[in-house]
Amino acid sequence: MTRRGLERGRVFLGVVVLVGGCAWPADASPLKIRDIRPLFQITETPAGPLALPTDVAVGPQGRIYVVDGGNHRVLAFDRAGRYLFSIGREGSAAGEFRGPVGIGVDGAGRVYVADSGNHRIQVFDASGRILHGFRVTSGGAAVRPVDVAVDGRGGRLYVSGSNNHKVMVFTPDGKPVREWGGEGAGRGEFRYPATVAISGEGRVHVVDVLNTRVQVFDGRGRFLADVGEWGVLPGQFFRPKGVALDRRGRVYVTDSYMDLIEVFDESGRFLHVLSGEGRIKKFTSPAGIAIDTDDRLIVAEVLANRVSVFSLGR
């Protein structure tokens, strides 16, 4: 099916129909959906509106951090969405950003930002004060980091790189530990890895954008499983961007072209599509996502210039 056919929702050979933005065989069982409840949205700060937010993270006490990429800054809000403070501005000095993309927060509230345009990771304390930063390199060449995730067990930083198609592992102070990947479509290879999420057991989930899948590894880079594949049926992706894990080990993946979020179990089996009031929930270019300890889903909707917060209801 072509993109034009998807957009028009045509039936092709009586086999596939478009159901709320998701293609589905005409003779298949009903699409599995699970309702979520909207709580609030974040669109403004005292310094102006959000512009192209790409990623979100949750810190201690439910604090919400937003990468406001179009404004070259990181924003902090309390768990109710009330503005707290802003970190950074456009530039290359310590504490400044050029096109930041991804973000991670550790258990102590330290904030790690993938400062993509400056080829570095910057680290801040819970109040937004710069602690340190380090250049991201691979084989001696500068890398544009896309995301950074913190392993809560060992404190290692897992960084995805857009121009070297690898996952790189660093100590918290920036010393390289290992890396894996390279451009390709095989297991353990990537075509533009994006968001990284780490389970409580140390399983590393990496969105492999152009290979339209999420790859799962152990902490040393050994391949464990694939989640999803290319396509427009439930359990498939057209343009995956973000991944998050809930406390039950379920895997949530955003599809920024299909404008929806799909959910899988920890083995990669499709469970359902998120919905609202019994209908598939359509987002606007969803990218980075996070889930807090109260089962609230936080979604960066890039082209809507907003962050939306929902109750998962379980």
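Biologist: What is the volume of the second largest pocket?
Modeller: About 270 Å³, the space filled by probe spheres set on grid points joined across faces, edges and corners. A pocket here is an open set of points on a 1 Å grid over the protein atoms alone, where a 1.4 Å probe fits, with protein on both sides within 12 Å along at least five of seven lines.

Biologist: Is this predicted or experimental?
Modeller: It is a predicted model: local features need pLDDT of at least 70, side-chain atom pairs 80 or more, and totals for chains, interfaces and linings use all residues. Residues are numbered from 1 along each chain, and side-chain values use heavy atoms, without hydrogens and water.

Biologist: Which residues lie nearest the centre of that second pocket?
Modeller: T54, V101, K241, A287 and V302, out of 15 lining residues (an atom within 4 Å of a point). β7, β17, β21 and β30 each give two or more residues to this lining.

Biologist: And how much space is in the largest pocket?
Modeller: About 1200 Å³. Its lining has 50 residues, with V105, V150, I198, L245 and I291 closest to the centre.

Biologist: Which strands supply that lining?
Modeller: β7 (53–58), β11 (102–105), β17 (145–150), β21 (193–198), β25 (240–245) and β30 (286–291) supply at least two residues each. Strands are DSSP runs of E, at least two residues, numbered from the N terminus.

Biologist: New topic. What is the strand order in the open sheet?
Modeller: β4-β32-β31-β30, with antiparallel pairing (strands pair at two or more DSSP bridges). β4 (37–42) and β30 are at the edges with a single partner strand each, so one side of each has no neighbour in the sheet.

Biologist: How many bridges join β4 to β32?
Modeller: Five, with β32 covering residues 306–311. I42 has V307 in β32 as its bridge partner.

Conventions. Helices (H or I, at least four residues) and strands (E, at least two) are DSSP runs, numbered from the N terminus.
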